[in-house]
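Biologist: Let us go through some of the terms used for this model. For each term, please set the value against the rule.

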Amino acid sequence: MNELLEQLVGTFVPSATGPAGRSQLVSLCHTLLTSRLSAAPIPDLFHTSEAVQRSLARAGRQSHAVAFADLVRRLESMAVVTRKWSVVHVLAALAETGDVPLPAKPLPRLLMPTSAGAASSTLPSAAVGLSAAAAKEVEMVRRGAGEGAVRAGSGNDGGVSENELLRDVIYALQGIDGRVVAFDKRAQAFAVDPRARVKAGQANLVRRVAELGWLYMRVKAFVVQASAAPSLGLVGQALVGALQGELAEYFKLLAVLEAQVAAGPGAHGQALTLRRLVVWVQDPLVRMKAVAMVADAARGLQGGELVSTIHAFAKHGDPFVAAFVESLLEQVCVPFFAMTSRWMFDGELADPFGEFFVVPNGAASADEAWHGKYELVDGLVPSFVGPDLASDILRIGKSVAFLRRACGVTDFAFDGALVGAWEAVTYASASSQLAGLVAAASDAVNAAVRSTLLGQFKLMPVLDICRRYLLLGQGDFVGYLMELLDDELARPASQVFRHNLLGILETALKSTTPIADAELADKLDVMLLEASPGDIGWDVFSLDYVFTGPLTTIFTNDVRAKYLQLFSFLWRLKRVERHLSSTWQRHVNSASALRQLPELDLVVRKCHILRNEMAHFVFNLQYYIMFEIEGAWTELVELLTSDRTHLDLDAIYGAHEAYIDRILERVLLDGSAEELLSLITQIFALISKFRTTQDVFYDSAMGEVARRAAAEARAYERVLAGEWGTTDKESDASASSYYQLTPQARAQLGAFNVKYDELVTQLIDMLNAQSASALRNLSFRIDFNEFWKSKRSSNP
Amino acid sequence: MEHQVQQAMEVITEMSDMLNTGLTREQLALVVDLCEKGVNPEALAAVITEIRREAEALKAEAAHTP
C-alpha cells in the first residue's frame, strides 16, 4: 500500500522536492488511511450516485446528471473493478476540487513544528466536499500525527466507534433512527444494524439504553393520539398535560447527554461511555416505564374511569412508581375536583365531555327533578371516592339544585370555610379530607332543605291535612260531608258533577273545625274517578289535594295514587258504617210502633242482633285502621321534626313513603292480602244488602201498623154508626201480603245471618293465620270474647 | 482483460472529468488500485486533499527559495 501511496504522492509532488518531505507526507497519508475515519455513510453505489446526480442537477447540469447515471450503469456491469462504490465515492468527495486552488497552508506541526497550532484549525471542509465529521477526524489525526502518536478510535479496526454509537443511541432516545441504531418495526425495538461491525457487548448495551427510546415513542404516540381525539375531555387533557411535562423533563436529560457526547471523548477525564450511559439512564428508564404503563392503560379512557385506572397504579409496590403515579394523579384530578365542587356547591354540571359520575337524564320530566333527573354512573366513579361518597355527592348537588330551582331559595350558600377547604383539596389530601368535607356539606345542605320544606313550604301542616281529610281522620268533617253528599252521590256516576261537589265540600269545610291555614284549605279538591257502567256517585267520589312546587317531590304521582286508594277504601268503610247507623235510626224510630205487632218480635230481635254484630265488626275495623294510621303518623312526625341533621330529602321522601306504605299494608291494600280484602268487601256488601232488606221489611211492617190503625179507625166509625166494627173481607185482603212477608223476611235474615257468620269466621281464621301481629290484633278485637270461636267449635 | 481494464478506466476518467476532480488518468488508476485494496474511500479522499495541499505548499516553498 505504501508503494501505491508513494506513487500517488509522486504524481502530485514534483520530484524536485526533498525525499525527506515526501516520505513524511507518505507516512502521514498512511496514518490517515489506517486511522478510523468516520465510517462511510452508506456503502451503497446507488445511493451515492443518486446524491451526485442530485448535486449535478442542482448546479443546472441536467444532461451531466443523466450522463453520469449512464456511466455508473456501465461501471456496474464491469467485473474488473470490484469496489465500485469506493471509487465513485472518492470521485464524488473530490468533486469540484480540480481547479480550486487550495490554500497553500503547510501543515504547521508537520513541516514547521516551531509554529505549532498557529492557524491549523481552519480547514475549508465544506469546499472539499468532505463531511464535517470526517474533516474533524482529519484535524484530529493531524494533531495526533504531529506528536507521532496514532490515536485509534476504539481500536476496533473498521468497526463503529463508541462515540458514534453514543450519538446514535441519543438519537434512538428521541425515537430517531441513527446510522447504526435503527428502529426495527417488526421487532418493535431499536436494534443495531447487523451489517455494522459492533461488538456484541456494545450492541447489548445499546439495546438496554434504547429501551428508553422505545418507551418514549409509546408515550409520545399516546400523547399525539390523545390530543387529537375530539372526545379527550378535561381529565384526559390534564393527563396529556402531565405527560407532556414528563416528556419535557426527559428532553432536558437528553440535552445534557447530548452535550456530553458532543464534548467528545478525551475532553475531560469523565468522558461519556456506553456503559456509563446505561447506568445514567436507569432512573429515567424506571420513570418512563411508569409513564408508558399509565399511557397504555389510559388509552381510550375518559373522566372518572381514567382517574380510577391511574389510581390503581398508585398501589404499585415500587415506591418510586407509586410516588410518580401520585404526582400524576395530583394533576389529573384537578379538573375532576373542579367538576365535583361545581356540582356540590352550585348544583350545576360543568361536564362538556361526560366525564363526571353524575349524568343528567334527558328523558326525565320537570316533575322528576329530584327522583329521575340525575343519575349516578358507577363506572365513572373514581375508585378513591367509592360508591357511598359518590351517592352522597350526587345527593348534595341534587339538593342544591332542588333548593335553588324548585324551592326558589336564592340565598342559599355553603359556609365559606367549607368551600375554601374544598377548593384546596388535592388528590393527596383527598383520602383524609374528602369524606369529612362531603359529610359537612351534606349536613349543611340537608339542614337547609329540611328547614325550607318544613318552614316555607309547610310540609307538616300539609301532611296533617292529608291525614285528616284524605285519610278521613277528621270525624266531624267526614260525617257532615257524607250527610251533605247523600243526595248528590246517590245518582249515577255520569250525572255527578265536580263543580256541585266542590260547593258541597266548601260548605262542609266551613261548618266544621276549620283548618288553621286557609291557604292550605283551598287546595283540598274533589276528584272523580273514572266511572264504570253502573257506578253511582259514591263509587267515583274522591277527595284530593293539589300539591304545588317542591311538595310534588315528596307527593309524587305514585304517592298520590296511594292516597287515593286509601281514601276510597276508608270512604267505603265510612259508608257502610253510615248504613248501619241508618238502620239503627230506623229501628229506634219504629220500635214503639212495632210493639203493636207482637208476632214480629222475633224477627225484629234477630235484625237487631245481626246489626249489632255487624256494627261491632265495622267499628272494630275502623278503630283498628285509625289506630294504625295514628301510630304511623306519630312516628312520622317524630322522625321529621326531630333535630337530626342527616335527614336529607331522600330520607324525608322515604319516611313519608314508608308511612303511607305501612298504612296501606295494615289496611290490607298493598296486594299481599287479597283474600282478606275480598272477605271484608263481601262483608261490606252483605251489610248493604242487609240494610235494604231490613228497610223493605220495616216498610211493610210500618204499612201493616198504619193499615191496622186505619182499620181500627174505620171500625170505630162504623161502631159509632151502629154497624159491626170488623168485616172479614177487609182484613183478609190486605193482610195476606203482610202475613207472607214475615216468613220471607225471617228466611232472608236467617240466610244473612248464616252467611255473615261464615264470612266473619273465615276472616278471623285467616287473620289468626297471618304473621303480622297487627292483624292478629284485629282478630282479637273482633272476637274479643271468643264468641266466634265458641260458635265455630259448636257448629263446625 | 487488458481491454476491460481499459474500458473501466475510460468510464472512470469520464466520471472524474464530469465531476471535475482534477485527477489525472495515472492518479485515477492509483485511486482505483487503492480502493481495490479496501481503503476507506472517505479517508482516501481526505488523503488526496492533504497531498494536494502539501504539494502546493512545497511548490510555494520552492518558489520562495530558488
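Modeller: Arg342(A), Asp346(A), Glu348(A) and Arg404(A) are linked in a network of salt bridges. A salt bridge is a side-chain nitrogen of Lys or Arg within 4 Å of a carboxyl oxygen of Asp or Glu. This is a predicted model, in which local features need pLDDT of at least 70 and side-chain atom pairs count only at pLDDT 80 or more, while totals for chains, interfaces and linings use all residues. Residues are numbered from 1 along each chain as its sequence is written, chains are lettered from A and ligands numbered from 1 in the order in which they are written, and side-chain values use heavy atoms, leaving out hydrogens and water.

Biologist: What makes Glu704(A) and Arg708(A) a salt bridge?

Modeller: Their closest N and O atoms are 2.8 Å apart, so the pair meets the rule of within 4 Å. Both residues lie in helix α28 (residues 674–720) of chain A, four residues apart, about one turn of the helix. Helices are DSSP runs (H or I, at least four residues), numbered from the N terminus.

Biologist: Why is Glu704(A) called buried?

Modeller: Buried means under 20% relative accessible area, exposed over 50%, and partly exposed in between (1.4 Å probe, protein chains only). Glu704(A) has 3%, and therefore counts as buried. Arg708(A), at 25%, is partly exposed.

Biologist: Why does the span of helix α27 of chain A agree with expectation?

Modeller: The expected span is 1.5 Å times one less than the number of residues. For the 18 residues of α27 (residues 649–666), this gives 26 Å, and the end C-alpha atoms are 26 Å apart, so the values agree. Among the buried residues of α27(A) are Leu649(A), Tyr653(A) and Ile660(A). Leu668(A), with a positive phi near 70°, follows the helix.

Biologist: What is the count of disulfides over all chains?

Modeller: A disulfide is a pair of cysteine sulfur atoms within 2.5 Å. By this rule the count is zero. Cys466(A) is buried because its relative accessibility is 0%, and Cys35(B) is buried, also with 0%.

Conventions. Helices (H or I, at least four residues) and strands (E, at least two) are DSSP runs, numbered from the N terminus.
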